[in-house]
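Subject: The structure we talked about

Hi there,

Here is the structure I promised to pass on. Please open it next to this email and follow along as you read.

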Amino acid sequence: MAEIRPTVGSTLAAGHVLGRKLDSIPFSAYHVSIIGVLALVGFIEGYDLVMTGSLLVLAKAPLQLTDTEIRWLAVGPTFMLCIGGFASSAVSDHWSRKAIMLIGVVATTFFTLLIPLVQNAEQLIIVRLLTGFGAGFAVSAAFPIAAELMPAQHRRTYGAIYEMALAISFTVVPFIAYLLTGNENAFRFLALPGGLAITVVPVLVYFVIPESPRWHLRRGHTRAAADLVNRIITRSGSRVPPLTVEALGGAGRSARAGRPPYWALFARGQRRWTTVGILSGICAGTAYFLISVLLPKALVDQGAAVSLSFGLTSLVYFASIPGKAFTGFLMEIIGRRWTIFYALAGSLPGLFLMLIAHRAGDLATVAMVTGALITGFTVLSAFTACRVYLSEQFPTALRGRGQPFGESTGRLFAGVLAPFLMEPHTGSATIFFGTIFAVVAIGAFIPVLFGKETVGQLEDVSEAVPALA
């Protein structure tokens, strides 16, 4: 044990040196290209996943979906998304961040491309389950990549743009579904853009996104880590001095630090931060999944026209586009925790208006639209802060596992259990919107009361020997 401590300590010291060098690189066009490609990944993954809510409506008649099959389509892909996330978590930190993302992007787009070929409900369910499993690799990889490549002060920039790309996809899908309403093959046409992305997006990820220098350093590849940092410096205009191997402790390949066991996510010194990150995601995620998966169905069940249900769903996500930009700005001003509090607590008036809209008489549509705009601008914009906050809870040795584990655990509750339990009750505005209201109200206080603030260099807020020992 006495021989291991110096190795861990030297690795942590080298990590601080490497981290400060990455944070010192001025923001450049190269950073913009990384953000752009990751945002494109977010758009495509969002498009392929949020399609579920529209498929429930568009494929019901052509494929003669039963109530049981509708429930499978509502929760099955998200459940497999969680399984895929746990599988990704198991191999992450063994495989590179980029490899995990490539596996997920290829799988998601390929299986989405199969949707136009399905002939019955069983085939559609199988394709969507496989899509969800593949997406489990892609959706959680983006934030460890960005956290370890972006300078600290620009993680909010990435978080905002990535989440805005998601919001755009969430807006586009129901809008296209609205335009296709009445066409027997509408659900097939809806899937084509997300599927055909397989010809473009994986290529961009492979050639534009660099490997993580922090990941290589943790594995003992000192020379590779320094070379990657210097490549980023060069592509960013060579405005800071290059990083030398000697500054990282010398040796082209240093002794790698011991890889902590999986249970270190809940070891002393880490347990609280892992739990707070997951709970914050569960509360925000419950609002997101109930709206993205069940809102079109809920509005139809509550008496609205199909076109209105798609239009209102698009409106909710349209409002989240500027909302996520504002959340990204705010998280560097008041911190991650208070931004999450704002996003969740600020949605309560909007959720209340949606809850009571059916009692508003002639003003019902006004109340619903106003509530949707408030809700989209706030709680549906919370992930700009929530996912960055989660990624900053873990040291480098745990981040590749911690991020997908945290997001997958959150989705099991928010994206599988919540829609499964709520699907039979979508016809009741009181139960549907009231449940979202209660969960969000509780979640607003979790990071403020129990969490820590993580604005700053990753190594300063997350690297600690007790969590790695």
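This is a predicted model: local features need pLDDT of at least 70, side-chain atom pairs count only at pLDDT 80 or more; totals for chains, interfaces and linings use all residues.

Q64 is not a glycine, yet its phi is positive, at about 50 degrees. Its relative accessibility is 66%, so Q64 counts as exposed. S238 is another residue to look up: it is not a glycine either, and its phi is positive at about 55 degrees. You will find S238 in the loop between α11 (222-235) and α12 (271-301). Why does S238 count as partly exposed? Because its relative accessibility is 47%, and partly exposed covers the range between under 20% (buried) and over 50% (exposed).

**Helix α2 and its partner α4**

Two packed helices are described by the angle between their axes and the distance between the axes. On the α2 side, the contact is made by L38, V41, I44, E45, D48 and M51. On the α4 side, look for M101, G104, V105, T108, T109 and T112. Sorted by class, the residues of this contact are six nonpolar, four polar and two charged.

While you are in helix α2, have a look at A39, which belongs to this helix. A39 has a relative accessible area of 9% and is therefore buried. Leaving aside residues up to four places away in sequence, A39 touches I161, Y162 and A165. As for L22, it is 17 residues from A39 in sequence, and the two are 21 Å apart in space, C-alpha to C-alpha.

**Helices α13 and α16**

What is the handedness of the crossing of α13 and α16? This crossing is right-handed. The axes of helix α13 (residues 306-330) and α16 come within 6 Å and cross at roughly 35 degrees. From α13, the residues L312, L315, V316, A319, S320, P322, G323 and F326 take part. They meet M368, V369, A372, L373, G376 and F377 in α16. This contact has eleven nonpolar and three polar residues, and no charged ones.

**One face of α15**

Next, find helix α15 (residues 348-356), where the buried residues are L348, G350, L351, M354 and L355. Looking down the axis of α15, you would see these buried residues fall within an arc of 160 degrees, so they line one face of the helix. Which helices do the buried residues of α15 pack against? They pack against α14 (336-345), α16 (364-377) and α19 (429-443).

**A last stop at L398**

L398 is in helix α18 (residues 396-422). With a relative accessibility of 0%, L398 counts as buried. Now compare sequence and space: L398 and R218 are 180 residues apart in sequence, while their C-alpha atoms are 10 Å apart.

Enjoy exploring, and write back with any questions!

Best wishes

How values were computed. Residues are numbered from 1 along each chain as its sequence is written. Side-chain values use heavy atoms; hydrogens and water are left out. Helices (H or I, at least four residues) and strands (E, at least two) are DSSP runs, numbered from the N terminus. Buried means under 20% relative accessible area, exposed over 50%, partly exposed in between (1.4 Å probe, protein chains only). Contact means heavy atoms within 4.5 Å. Ala, Val, Leu, Ile, Met, Phe, Trp, Tyr, Cys and Pro count as nonpolar, Asp, Glu, Lys and Arg as charged, and the others, Gly among them, as polar. The arc is that of the directions from the helix axis to the C-beta atoms. Axes are lines fitted to C-alpha atoms, for helices over the stretch in contact, and angles run from 0 to 180 degrees between N-to-C directions. A crossing is left-handed if the near helix is turned anticlockwise from the far one by less than a right angle, and right-handed if clockwise.
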